[in-house]
Amino acid sequence: MPETVNPETHHEKSDVNVRALLWSVVIFIVFAAVTHLVLYLQFQFYRSKFRGKTNAPLTAVARPADAAVPPEPRLQPFVTRNVSGAVNPPDTNTPVTDMEQMRATEEQALRTPGWVDRQRGVVRLPIEVAKQLAVERLGVAAAAKPALSEAEGAAGARPGAAAPTQGRHP
């Protein structure tokens, strides 16, 4: 049986311009190579220009001699001591143990007396003792107030009379 052929159908000659497609790929590859070469040369230029300047100090402030270990709070790799004074191994020191240690130190400072500044006479008292002293001083001040009011009446007539001081620390 003879095949029926459509006389209007035939091979299309204007499909894709392969030459233009290949040239665009070649141009893209050349452009990428030139770009990478320029960036490499720029990197080498900056590396040679700034070599040795990275060791310059970041600040003009001098570093203290005792700054080998930063102040509290520290990150875990630094040597720390527990409440009893023993050195904690680095792998046992965690944020949880840091918090427990900080709270124990604060609790000890809250419950025990001690000097804050010996030269100025500033002390740290347990909170219950401090409350008791405050109540006693308010009681003494309230009892002394009638006697002071008579003295204030006499002193009030003079300008520049000194006002009584209450609640001063010893």
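Modeller: Happy to! Let me start with Tyr46, which is partly exposed because its relative accessibility is 41%; here buried means under 20% relative accessible area, exposed over 50%, and partly exposed in between, with a 1.4 Å probe and protein chains only. Phe50 also comes out at 41% relative accessibility and so counts as partly exposed.

A word on the basis: this is a predicted model, in which local features need pLDDT of at least 70 and side-chain atom pairs count only at pLDDT 80 or more, while totals for chains, interfaces and linings use all residues. Residues are numbered from 1 along each chain as its sequence is written, and side-chain values use heavy atoms, leaving out hydrogens and water.

Now the rings. Those of Phe, Tyr and Trp (its six-membered ring) pair if their centres lie within 6.5 Å, and planes under 30 degrees apart count as stacked, over 60 as edge-to-face and the rest as tilted. That rule gives two aromatic pairs. In one of them, Tyr46 and Phe50 have ring centres 6.2 Å apart and planes at 20°, so this pair is stacked. Through ring pairs, Phe45, Tyr46 and Phe50 join into a cluster.

Helix α1 spans residues 18-49 and holds Val38. Val38 also belongs to a nonpolar surface patch of about 580 Å², together with Trp23, Val26, Ile27, Val30 and Val34. Such patches take residues with over 30% relative accessible area and no salt bridge, joining nonpolar side chains (Val, Leu, Ile, Met, Phe, Trp, Tyr) within 5 Å and like charges within 9 Å; the areas come from the Shrake-Rupley method with a 1.4 Å probe, and for residues only the protein chains shown count as cover.

Charged side chains pair up too: the whole structure has two salt bridges, each a side-chain nitrogen of Lys or Arg within 4 Å of a carboxyl oxygen of Asp or Glu. Glu107 and Arg111 form one, with the closest N and O atoms 2.8 Å apart, and these residues sit four apart in helix α2 (residues 95-111), about one turn of the helix. Lys131 and Glu128 form another at 3.9 Å, N to O, three residues apart in helix α3 (residues 127-155).

How values were computed:
Helix = DSSP H or I, 4+ residues; strand = E, 2+ residues; numbered from the N terminus.
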